[in-house]
Amino acid sequence: GQDSEPGSAREVLVAFEGCVTEQRDVLLGPYLRGWRGLIRFLNSLGAIFSFVSKDALAKIQIMERYCSGARRDEYRTLQSMVRYEVAHGLVDTQRRAEHPDSGCRTVLRLHRALRWLQLFLEGLRTSREDSKTSAICTDSYNASLARYHPWVIRKVATAAFCALPSRNAFLETMNVGGPDEAVAMLAEALPHICSVYGITEELYAQHELLDLP
Ligand code: 1Q0
């Protein structure tokens, strides 16, 4: 519900912090809450990004259904999800067919987007005050997600990036105070996103799931 969704960037990033257990498992509940918060943030940037938030939301909803479904215990962590889906042949590895919306392929799309987020936030954090948000966003997109997207999506996405507010205005929309506070919060939060990303990447590599259709 509305109330359980994070209201500021800090809470979004804290949700990612809460994902990783002592055994370095990634809990899907907090992972999806972090994503819900990101989508809320994205929606606040304007309708121009709704083609992005619609796709991300659809993926979050697929995962939320697994997490509250009959097999919810198998979907407590990314590790248990991979184990379960792989062991039961629930993952399409060549083309999308019997299992077009497996948890593994759905999370992979979010995982790739998390790499973009990591680069984008790191770029924002370390950029000069007069840098253009659109340039930071384009660079991080080209270095990550773009390679998985067809030409049309790349064009539409890079056109939409031009609508992003200036660096300082963007940092202010994070709702954690002025640009300096936002930069400090990013410095504190980014290691947690990096760690979720790194653990997922390793898990998917071990199971050869990084190219799922
Ligand atoms: C700040 C501006 C945000 C710009 C978002 C950059 C990503 C652009 C991606 C555009 C692609 C969306 C169209 C759908 C593509 C799908 O084909 C693709 C593959 O899925 P499938 O099922 O067809 O195989 N889907 C994806 O690649 C998923 C893309 C998800 C992108 C989610 C982006 C979430 C952004 C959040 C904004 C956060 C801003 C910073 C917040 C800081 C505060 C914590």
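Trainee: Is the crossing of α1 and α9 left-handed or right-handed?
Mentor: The crossing of α1 and α9 is left-handed. That label applies if the near helix is turned anticlockwise from the far one by less than a right angle, and right-handed applies if it is clockwise. By the way, this is a predicted model, where local features need pLDDT of at least 70, side-chain atom pairs count only at pLDDT 80 or more, and totals for chains, interfaces and linings use all residues. Residues are numbered from 1 along each chain as its sequence is written, and side-chain values use heavy atoms, with hydrogens and water left out.

Trainee: At what angle do helix α1 and helix α9 pack?
Mentor: About 35 degrees, with the axes 8 Å apart; α1 is residues 9–17 and α9 is residues 179–206. Axes are lines fitted to C-alpha atoms, for helices over the stretch in contact, and angles run from 0 to 180 degrees between N-to-C directions. Helices here are DSSP runs (H or I, at least four residues), numbered from the N terminus.

Trainee: Which residues in α1 meet α9?
Mentor: Ala9, Arg10, Leu13, Phe16 and Glu17, and on the α9 side the partners include Met185, His192 and Val196. Contact means heavy atoms within 4.5 Å.

Trainee: Where is serine 102 found, and what is it in contact with?
Mentor: Serine 102 is in the loop between α4 (78–87) and α5. Beyond its neighbours within four places in sequence, serine 102 touches Tyr66, Glu85, Leu90 and Val91.

Trainee: Why does serine 102 count as buried?
Mentor: Because its relative accessibility is 3%, and buried means under 20% relative accessible area, exposed over 50%, partly exposed in between (1.4 Å probe, protein chains only).

Trainee: Why does cysteine 67 count as partly exposed?
Mentor: Its relative accessibility is 22%, so cysteine 67 falls in the in-between class. Cysteine 162, at 59%, counts as exposed.

Trainee: How many disulfides does the structure hold?
Mentor: The structure holds 0 disulfides. Cysteine 67 is in none, as the nearest cysteine sulfur, that of cysteine 19, is 11 Å away. A disulfide is a pair of cysteine sulfur atoms within 2.5 Å.

How values were computed: Helices (H or I, at least four residues) and strands (E, at least two) are DSSP runs, numbered from the N terminus.
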